[in-house]
Amino acid sequence: DHYGLDEVKDTILQFIAVGKLKGSVQGKILLLAGPPGTGKTSIAQSVADALGRKFYRFSVGGLSDVSEIKGHRRTYVGAMPGKLVQGLKSSETCNPLILIDEIDKLGTGLRGDPASALLEVLDPSQNETFRDHFLDVPLDLSKTLFVCTANDLERIPGPLLDRMELIRLSGYDVPEKIAIAEQYLVPKSMKESGLMTEKEKPETDDEKDERETNASDDATSETPLSKYIHSKDVPESLTLNRNAIESLVRWYCREAGVRNLSKHIDKITRKLALQVVAESEGADLTEKSKRKKDTWEVNDDNLSDYVGKPIFTSDRLYEKDPLPHGIVMGLAWTSMGGSALYIETQGIKRGLDADGKRRGGGTLKVTGQLGDVMKESTQIAYTVARARLADVDPNNAYFDEWDVHMHVPEGATPKDGPSAGITMVTSMLSLALDRPIKNDLAMTGEVSLTGKVLAIGGVKEKTMAARRAGIKCIAFPSANKRDFEEIPEYLKEGLEVHFADDYSTVYEVAFGKDNPNAP
């Protein structure tokens, strides 16, 4: 039912194997953490189906009443048991799969702290004797499989996070999104829009034998859409082409999940359904809704007629090679996935005052709605850049005579984190040395005050963002080499990757080894 998500599937298989060897049904507490739209909630239903367990889901987003977890005491009017007892009651079994959704969005109010109440529920050594206030008798939850979902781990209390087995979902890359769209989203949307229906013709014994015989020879010949046929009055040529799906993924839906991609596909199929009905009934449509071309195939050329103009027009802010002086491309990791992040620096030379002394010089100004951590990173990068400039060119007094203004586009987007450290240092050195950086180079890494390059997160997402932007050369911290080795081979193909433990390595990658003044 789900494409990818191998780590989740492996964990469930291990769980099944342990239960088979022990000969008993065991409970477990899993936490699926990742960006929105990556299939965290829906995979729990699939896991329950695969294990043959009943499924019960409840969301704790915004929950601020402990009684929702542990139940009300029967002395109160309108008292009822907590959500867990209700789940056991509705599933009519002692070992269901209970999905606790949005566990990172628990609230805290006058009625207690639900996160603290969940400590007992999600502790395998304590939930054997869980006591609901309404029942007031010990209840065994040790055989229940708990699956929790979250977007932001930092909002989950430490003791609660410690009780769960964490599985990170990093999001889908472009090939995975295209496969998901072709195998799941397009057939589902076509069916729900009434454009296609499932085949109802019963399979004869001879056809079944022939299919089984040919299955091993041509296992990949049958596509998900082959299980459906076009509905009545729907043209047989009506289809959503693969290049249209690729354009949707690249220029409209760059987030980590596939929820937005599903919305765009639904928008296309609804408009196709409107055009089919209008033409069969002879009705007139508005200029915006009617077909612009004499074809029922949605492809790259007519995609904008169905979903509008592309949201993203380019992967790069600067197409010039080399880049202007003082500009370097970094790589960022957000809840929406990876993205390119440019660092821009400009020098401001002050004039002389009445005494002949220079006004200003030696100061750093930063803009771009940066968070506290990133502002500290700019100060560290400025100090490192001054120290490196003294090693490379001792006679260069650029930072003493000029003020430096650093900006991180886009100004309306909040940014934070230390992973742009080496990018900032390179940007300021490019300005001071008056040497440009090639436009197919991107870098990411935290820098310490002595020039050490420290590890960062989101290596897979940042690599995907680099490939999307046409980058051929990437600089990563040495500590992230193991993370890079774990990503799929097709993401590494054609990339020149450098791993640095000190900024001197980054300097050589950015400015070249042929510089006689290189450290």
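Start by selecting P187: at 4% relative accessibility it counts as buried (under 20% relative accessible area, with exposed over 50% and partly exposed in between, using a 1.4 Å probe on protein chains only). P187 sits in helix α7, residues 174-192. Helices (H or I, at least four residues) and strands (E, at least two) are DSSP runs numbered from the N terminus.

Before moving on, know that this is a predicted model, where local features need pLDDT of at least 70, side-chain atom pairs count only at pLDDT 80 or more, and totals for chains, interfaces and linings use all residues. Residues are numbered from 1 along each chain as its sequence is written, and side-chain values use heavy atoms, leaving out hydrogens and water.

Next, jump to T444, in the loop between β16 (441-443) and β17 (446-447). Is T444 buried or exposed? It's buried, with a relative accessible area of 0%. Show what T444 touches beyond four places in sequence: its contacts (heavy atoms within 4.5 Å) include L331, I422, F476 and P477. S419 is another of these contacts, and the backbone oxygen of S419 lies 3.3 Å from a polar atom of the T444 side chain.

Last stop: select K271, Q275, D305 and Y306, which are among the residues lining the second largest cavity. By class, that lining has one nonpolar, three polar and six charged residues (Ala, Val, Leu, Ile, Met, Phe, Trp, Tyr, Cys and Pro count as nonpolar, Asp, Glu, Lys and Arg as charged, and the others, Gly among them, as polar). A cavity here is a set of points on a 1 Å grid over the protein atoms alone where a 1.4 Å probe fits but cannot get out, and lining residues have an atom within 4 Å of a point.

Key
A polar contact is a pair of N or O atoms within 3.5 Å; within protein, one must be able to donate a hydrogen and the other to accept it, and residues adjacent in sequence count only if both atoms are side-chain atoms. On a 1 Å grid over the protein atoms alone, a cavity is a set of points where a 1.4 Å probe fits but cannot get out, and a pocket is an open set with protein on both sides within 12 Å along at least five of seven lines; lining residues have an atom within 4 Å of a point.
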